Amino acid sequence: MRQQEDRALLPTAAAAGPDAAAASGPSGRLRTAGLVAAWYASNIGVLLLNKYLLSVYGFRYPVFLTACHMSASALLSSVFAAATTSSSASRRPLSRGQAARVAVLGAVFCGSVVAGNVSLRYLPVSFNQAVGATTPFFTALIAYAVAGRREARATYAALLPVVAGVVIATGGEPSFHLFGFIMCVGATAGRALKTVLQGILLSSEEEKLNSMDLLRYMAPVAVVLLVPATLTMEPDALGAAAALAREDPSFVWLLLGNSSLAYLVNLTNFLVTKHTSPLTLQVLGNAKGAVAVVVSILIFKNPVTVMGMLGYGVTIAGVVLYGEAKKRSK
């Protein structure tokens, strides 16, 4: 689960609250540093574990793996809500309209995560991250197509290096796989579509949900969709998982750890945003992608080229320029 996500990958976190100011003291800074470290570790950890399981270990069932991720997210997010929510008003169920909107978001979210996991079977993490960095391009494109939302010309201009970088990286990628590339682009577009739809469908103050509540409602929807999808598309997955568990007991711990990390990606993303700011999160996110690329190359030893790394650098520069252009246009 790319969880990738978020990045965006994943449900949009709430804007920084009063806790961001509280992080100015020594203990607050230490807590924030710990949360950022946990956020990096969970994001990069789940990405590398997904790649390891699907490509190196040989467990080639990305839909089943995503179902495990969503099941863990559904369970753990409910536990988190029960542990942190005290008032009965905060626990009130969704309205019928809200439930329908969340179901749509859950389906899009589910599709994007499955596509991202499928892409990891065929593409190295470094190239996967380069394509994933184009999320702002797809967000701007879909926002215009779906909601008619226009950006300033400078903002659109900043997207040119985002796309150009991926074109350069694609030409220099020695492990390029067309189907994996299509799945990766689909996952990136799916994350962007979810972000745009979330802004449209849950726009009123009464219907807005923070990222953890949204995950708590979306994850069960994803499980309901993924169980029949797994039985249809990967009928041997459960048997293969059981056989691997008997042959190698560590596989069970890998699967449990991987699924738990998929939830921790969302939890730490929520907490880091709460204790810092959206701008800080954006900067940290850009750096996290670069760290993930370096770590994955060191672990998996996938071949890289100067052109490939140049393309990724151009894309990241474009993402930074896009963020600056957005900030100035507000």
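Reply: Arg216 lies over the face of Tyr217, 4.8 Å from the ring centre; a charge counts as over a ring if NZ of Lys or CZ of Arg is within 6 Å of the ring centre and within 35 degrees of the ring normal. Lys288 is placed over the face of Trp39, at 5.4 Å from the ring centre. The model is predicted, so local features need pLDDT of at least 70 and side-chain atom pairs count only at pLDDT 80 or more, while totals for chains, interfaces and linings use all residues. Residues are numbered from 1 along each chain as its sequence is written, and side-chain values use heavy atoms, with hydrogens and water left out.

A search of the whole structure gives eleven aromatic pairs. For these, rings of Phe, Tyr and Trp (its six-membered ring) must have centres within 6.5 Å; planes under 30 degrees apart are stacked, over 60 edge-to-face, and the rest tilted. Trp39 pairs edge-to-face with Tyr40, at 5.8 Å centre to centre and 65° between the planes. Both Trp39 and Tyr40 are buried, where buried means under 20% relative accessible area, exposed over 50% and partly exposed in between (1.4 Å probe, protein chains only).

Tyr122 and Phe179 are also edge-to-face, with 5.5 Å between centres and 85° between planes. Tyr122 lies in helix 4 and Phe179 in helix 8 (residues 178-201), so this pair ties together parts that are 57 residues apart in sequence. Helices (H or I, at least four residues) and strands (E, at least two) are DSSP runs numbered from the N terminus. Tyr122 is partly exposed at 26% relative accessibility, and Phe179 is partly exposed at 40%. Elsewhere, ring pairs join Tyr52, Tyr57, Phe59, Tyr61, Phe64 and Phe251 into a cluster.

Now the core. A nonpolar core is a set of buried Ala, Val, Leu, Ile, Met, Phe, Trp, Tyr and Cys residues joined through side-chain atoms within 4.5 Å. The largest has 27 residues, and Met70, Leu214 and Leu226 have the most contacts inside it. Helix 3 (62-84), helix 4 (96-122), helix 9 (211-233) and helix 11 (250-275) each supply at least two residues of this core, with the largest share, nine residues, coming from helix 9. Leaving aside neighbours within four places in sequence, Leu226 is in contact (heavy atoms within 4.5 Å) with Val63, Thr66, Ala67, Met70, Cys110 and Val114. Cys110 is buried, at 6% relative accessibility.
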